[in-house]
Amino acid sequence: MSSGVARSGHRGGLLGLAPVVLIVGGLSAAALLAGLLASVGIQAGRTGGPSLDAYRAVLGHPGFATSYGFSVLVASVGTAVAVSGALLIGFRWTRPSGRWRTAKLGLLQLNLSVPHLVWAVALLATFSASGWVARVVTGLGLIDRPAQFPALINDRWGIGIIAHVVSKEIPFIVMTLLPVSGRSTRAQLEQATVLGASAGDRFLHVYLPAVAPAVVPAGLAVFAFSLGAFEPAAVLGVENPRSLAVVALDRFRAPDLAARAEAFAISTVLLATCLVAGALVWSLTRRWLVRPAGPS
Amino acid sequence: MRAATRAPVRAGSFAVQLIAVSVLVLPLLVVTLQAVSRGWFYPDVLPRELTFDPAGEVLGRRRTLAALADGLAVGASVTVVAFIVGWPAARVLAGRSLRARGLVFGVLFLPSLLPAVGLAMGVNIVLLHTPLRSSMGGVVVAHLVPTLPYAVALLTAVFVRTDVDQERQAAVLGASPWQRFRMVTLPAAAGGLAVAAALVFLVSWSQYLLTLLAGGGQVVTITMLLFSALSGGNPTTIAVLALCAALPSVGALAVASVCLREGGGR
């Protein structure tokens with residue numbers, strides 16, 4: 001009778017979990033599989049066996065190397081800066097709370113809740129060549145016309161997209177860090193201080209290992225996001241080099257099926273890049289992620 | 001000596017914080033000001049005229065209202081479905097070991113570690129083969145991929161903190177499942193549930209690519225109107241649409257943080 005209340009048994013457990021795992025895992029696995037098949041030419045409305053034509057077309061395109069390099073560079077720099085910034089904030093915030101902590105936390109949460117497209121539009125209005133900052137600089141007499149303002153947005157090096165990734169993802173990573181850098185981490189940091197460890201030592205040997213299980217997945221999510229994100233690249237990027245996510249969507253929305261296959265070939269390249277990055281990061285950080293068994 | 005080296009460090013740290021705060025605040029202020037101005041162009045630092053007329057005009061358009069309604073309907077449905085599906089899963093996970101929980105969360109959050117553009121395009125062709133293609137139902141299902149993991153994680157956290165013994169006592173005293181839910185579970189978990197609902201809504205509302213590709217053009221949200229206004233639209237219209245796209249999620253966050261503060265002790 002009371003079985004409805006008690007935590008369900010093994011079978012009930014699987015039954016409760018199945019819908020969630022099926023929806024999230026099933027739909028994304030189906031989406032990945034469909035994409036993979038489409039990239040080798042197997043799609044509805046198209047006859048013939050698998051072929052690597054789409055990959056040949058994509059990889060052989062003269063602009064591909066530049067676009068790929070651009071996308072990976074923007075994602076890597078953006079992720080590196082965002083992770084470092086978030087770690088510094090998180091480390092600083094292990095110290096007793098200052099007067100403005102709640103306000104700063106609120107500000108990060110506010111930024112987190114703003115949709116990506118809106119944030120990209122806001123950055124554009126503020127930092128573009130005719131944006132608000134350029135107007136202030138003009139008002140101060142430092143420049144005479146928008147063309148003289150340094151290209152921070154829609155620039156060749158992706159500074160605008162990187163700025164988007166950094167400003168939008170630092171709050172995200174900080175939020176994932178805060179719950180794991182709780183009381184026990186603070187106590188360990190205090191012990192290290194008493195034992196005479198420098199701030200650098202405390203950061204490297206106490207703080208970093210403690211937050212690694214949270215920051216590594218968060219960093220990978222940020223990398224994947226910035227590699228495959230459409231909105232910031234479309235609003236803050238340039239025509240040449242174009243970010244691969246923008247090229248992929250462009251090919252996807254073209255009417256012919258060959259272009260569609262190319263879109264999925266690009267997406268497979270991006271996916272492979274994420275997997276390689278994940279494997280790389282895992283091998284570099286596994287000493288922090290896999291703890292020896294036993295009480296910690 | 002020590003004080004002399006620390007003063008510039010403090011000034012530097014203050015400068016960094018000042019820059020960080022302005023980077024986070026300034027863009028939102030500029031967009032807000034843009035939304036209530038008319039003809040605010042380079043090189044004017046401040047608008048010459050402040051007016052709500054253009055904002056009223058954009059908000060009065062049938063397209064804007066329909067887009068707001070579509071986004072709200074999708075967000076609300078996603079929240080409801082995520083709760084219905086996520087609830088039993090969270091109950092199960094709350095009773096399992098940390099290790100088992102980690103494993104399930106790993107599977108659930110895995111899609112978030114993949115490039116979004118590929119996932120959205122793949123979802124589009126998967127849905128093409130179902131009755132859900134180009135429909136609001138398809139968008140709701142697609143949104144479950146990024147939202148359900150958060151729903152399950154947050155609900156699990158709620159159930160880990162709630163006291164199962166109280167539910168047992170109520171059951172022993174003869175309370176029906178509905179009474180137990182209504183009078184024991186819900187009051188204890190209300191704050192956490194509100195936070196979970198707000199976050200699920202926020203994540204759904206903020207989607208762009210997934211909505212665009214799962215909806216097949218049949219579901220048009222504010223972010224889509226914003227995107228099309230970007231090419232050649234008037235700056236005030238763009239700013240008004242940007243605020244329309246931001247306010248519901250900022251509102252959802254405000255609800256979440258108030259609930260978190262009130263229920264924080266539990």
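These legends go with close-up views of aromatic rings and a helix contact in a predicted model.

**View 1. Phe64(A) and Tyr68(A) stack their rings.** Over all chains, the structure holds 13 aromatic pairs. In the one shown here, Phe64(A) and Tyr68(A) sit 5.7 Å apart, centre to centre, with 15° between the planes. The pair counts as stacked because that angle is under 30 degrees. Both residues belong to helix H3 of chain A (residues 64-92), where they are four residues apart, or about one turn of the helix. Phe64(A) is buried, at 12% relative accessibility, whereas Tyr68(A) is partly exposed at 27%.

**View 2. Phe230(A) and Phe227(B) make a tilted pair.** Here the ring centres are 5.5 Å apart and the planes are 35° from each other. Phe230(A) comes from the loop between helix H9 (199-228) and helix H10 (231-236) of chain A, while Phe227(B) comes from helix H10 of chain B (residues 222-230), so this pair joins two chains.

**View 3. Four rings of chain B form a cluster.** Look for Trp87(B), Phe159(B), Trp178(B) and Phe181(B), which are linked by ring pairs. Phe159(B) also has a charge over its ring: the charged end of Arg91(B) sits there, 5.0 Å from the ring centre.

**View 4. Arg260(A) lies over the face of Phe252(A).** This close-up is from chain A, and the arginine is 4.3 Å from the centre of the Phe252(A) ring.

**View 5. Helices H7(A) and H9(A) pack against each other.** Two packed helices are described by the angle between their axes and the distance between the axes. For H7(A) (residues 159-177) and H9(A), the angle is about 145° and the axes are 9 Å apart. The crossing of H7(A) with H9(A) is right-handed.

On the H7(A) side, the contact residues are Val165(A), Glu169(A), Phe172(A), Ile173(A), Thr176(A) and Leu177(A). The residues they meet in H9(A) include Tyr207(A), Val211(A), Ala214(A), Val222(A) and Phe225(A). Sorted by class, this contact has eleven nonpolar, two polar and one charged residues.

Technical notes:
Residues are numbered from 1 along each chain as its sequence is written. Chains are lettered from A and ligands numbered from 1 in the order in which they are written. This is a predicted model: local features need pLDDT of at least 70, side-chain atom pairs count only at pLDDT 80 or more; totals for chains, interfaces and linings use all residues. Side-chain values use heavy atoms; hydrogens and water are left out. Rings of Phe, Tyr and Trp (its six-membered ring) pair if their centres lie within 6.5 Å; planes under 30 degrees apart count as stacked, over 60 as edge-to-face and the rest as tilted. Buried means under 20% relative accessible area, exposed over 50%, partly exposed in between (1.4 Å probe, protein chains only). A charge sits over a ring if NZ of Lys or CZ of Arg is within 6 Å of the ring centre and within 35 degrees of the ring normal. Axes are lines fitted to C-alpha atoms, for helices over the stretch in contact, and angles run from 0 to 180 degrees between N-to-C directions. A crossing is left-handed if the near helix is turned anticlockwise from the far one by less than a right angle, and right-handed if clockwise. Contact means heavy atoms within 4.5 Å. Ala, Val, Leu, Ile, Met, Phe, Trp, Tyr, Cys and Pro count as nonpolar, Asp, Glu, Lys and Arg as charged, and the others, Gly among them, as polar.
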